[in-house]
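Subject: Structure handover

Hello,

Here is the structure you are taking over.

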Amino acid sequence: MADLDPNELDVETLAIRTAQLRTDEMAHSDPIFLTSSFVYENAAQAAARFGGEEPGNIYSRFTNPTVRSFEQRLAAMEGGEACVAFASGMAAISGTFFSLLAPGDHIVSSRSVFGTTNVVFDRYLKKFGIETTLVDLSDLKAWETAIRPETKILYLETPSNPLSEVGDIRALAKLAHDNDALLVVDNCFCTPALQKPLALGADIIIHSATKYLDGQGRCLGGAVVGPKAEMEEVLGFVRSAGSCMSPFNAWVFLKGLETLNLRMQAQSARTLELAQWLETQPGIARVHYAGLKNHPQYELASRQQSAYGAVLSIEVEDSDGRRDRQAAWRFIDATRLISITANLGDVKTTVTHPASTTHGRVKEEEKERSGITENLIRLAIGLESVDDLKADLERGLKALASA
Ligand SMILES: *Cc1c(COP(=O)(O)O)cnc(C)c1O
């Protein structure tokens with residue numbers, strides 16, 4: 001594909017063909033460069049490499065061919081100029097803030113972001129004089145009001161976890177740019193298979209590769225995609241902070257990217273079918289999924305995503321009308337196939353009770369405000385058959401009826 005124009009190729013093709021590595025052995029599958037350092041022909045070459053006069057690998061904290069291949073492939077899929085890989089999604093998120101911000105800068109962020117991202121805002125960025133204002137993801141006026149002269153970054157995840165709220169990337173990009181700020185989007189839930197935030201005006205994309213990019217729950221990893229200038233800053237930070245991706249993990253993610261489109265399409269289709277089915281079931285008080293026509297941002301989700309993703313949430317109610325933790329736990333404990341775990345993005349379907357796990361440390365009033373009710377259950381749908389998943393969810397529904 002070296003002589004083909006990547007702009008002419010579809011994301012499915014880019015996911016498989018971008019930055020394939022070829023060694024002298026001409027292996028068809030990408031080789032792993034599982035090495036910490038690289039050797040030189042002679043002392044002069046070593047000096048030239050270290051001095052930056054000759055391009056080439058030195059040490060895997062700086063560059064590694066397998067990691068580079070992953071970075072180039074993801075950048076191509078997102079339509080970005082450059083990508084920097086990290087050891088985890090959180091390393092990518094904190095690394096982006098620490099490399100692009102300085103004391104006195106301000107962030108406006110959606111309230112509904114990954115829990116640990118809030119810890120970074122609250123405990124670490126604050127310590128270095130960087131303040132964050134939290135706003136409701138879908139309330140554009142609130143974003144506008146929160147902006148200050150020193151605001152440098154607007155930050156969001158869309159659709160949100162676990163309630164599937166949707167943020168208007170195009171409108172927020174305009175708001176950011178009118179105020180000389182960058183729009184940073186965590187695209188973990190959709191991936192470039194379903195949503196291309198850069199094409200809608202966002203400046204920087206963040207990924208937890210741990211989720212759908214891997215797709216089979218094997219490795220931790222993260223990545224940032226954006227303009228060359230900003231990515232140079234971010235890359236400089238990784239080299240000094242040491243939060244680099246392992247070459248082995250990069251190889252797993254390269255394999256994951258090859259099937260990303262098919263998985264995202266298939267998992268989204270199953271999720272939509274299950275969401276529509278769950279809506280009709282007794283014991284289900286509410287289904288949160290942006291693919292349902294009664295979702296408040298259904299139109300927006302349909303415009304900015306090509307499918308609705310594979311995470312949905314339900315609010316359950318037992319036969320006595322109780323909508324509490326006991327009802328939620330009874331539903332979860334009655335399932336036999338689905339894994340009880342906080343992870344998502346796997347081909348194995350998972351179920352979580354956010355109020356007592358992922359959002360367990362969130363203050364009560366904040367929980368209420370973000371809609372993390374005691375009867376809320378999050379499902380991240382995988383690739384098992386829809387019939388088997390329905391049968392398993394029916395076990396949960398039965399447990400609600402026999403309260
Ligand atoms: C999991 C997750 C993260 C953090 O990623 P890790 O790889 O676990 O560090 C960040 N953002 C979102 C949306 C996530 O789901």
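This is a predicted model: local features need pLDDT of at least 70, side-chain atom pairs count only at pLDDT 80 or more; totals for chains, interfaces and linings use all residues.

Largest pocket

The volume of the largest pocket comes to about 1,200 Å³. It is lined by 48 residues, and those closest to its centre are F114, G115, T116, N118 and V119. Helix 5 (115-125) is one of the elements that supply at least two residues of this lining, together with helix 4 (89-100), strand 3 (131-135) and helix 14 (364-369). With seven residues, helix 5 gives the largest share. Sorted by class, the lining of the largest pocket holds 17 nonpolar, 17 polar and 14 charged residues.

Second largest pocket

For the second largest pocket the volume is about 490 Å³. Its lining is made of 27 residues, of which R68, E71, Q72, A82 and C83 are the closest to the centre. Two or more residues of that lining come from each of helix 3 (65-78), strand 1 (82-86) and helix 9 (228-241). In this second pocket the lining splits into 14 nonpolar, six polar and seven charged residues.

Cavity

A search of the whole structure for cavities of 30 Å³ or more returned one. The volume of the largest cavity is about 50 Å³. Which residues line the largest cavity? They are P159, S160, P162, S164 and F189, along with Y308, G309, A310 and V311. Six residues of this lining are nonpolar and three are polar, while none is charged. Domain 1 (11-258) and domain 2 (261-401) each contribute at least three residues to the lining of the largest cavity.

Helix 13 and helix 15

The last item is a helix pair. Helix 13 spans residues 325-334 and helix 15 spans residues 386-401. The two pack with their axes 7 Å apart, at an angle of about 140°. Helix 13 and helix 15 are therefore oblique to each other. As for handedness, the crossing of helix 13 past helix 15 is right-handed.

Regards

How values were computed. Residues are numbered from 1 along each chain as its sequence is written. Side-chain values use heavy atoms; hydrogens and water are left out. On a 1 Å grid over the protein atoms alone, a cavity is a set of points where a 1.4 Å probe fits but cannot get out, and a pocket is an open set with protein on both sides within 12 Å along at least five of seven lines; lining residues have an atom within 4 Å of a point. Grid points are joined across faces, edges and corners, and a volume is the space filled by probe spheres set on the points. Ala, Val, Leu, Ile, Met, Phe, Trp, Tyr, Cys and Pro count as nonpolar, Asp, Glu, Lys and Arg as charged, and the others, Gly among them, as polar. Domain bounds come from an automatic or database domain assignment. Axes are lines fitted to C-alpha atoms, for helices over the stretch in contact, and angles run from 0 to 180 degrees between N-to-C directions. Helices (H or I, at least four residues) and strands (E, at least two) are DSSP runs, numbered from the N terminus. Angles under 35 degrees count as roughly parallel, over 145 as roughly antiparallel, 65 to 115 as roughly perpendicular and the rest as oblique. A crossing is left-handed if the near helix is turned anticlockwise from the far one by less than a right angle, and right-handed if clockwise.
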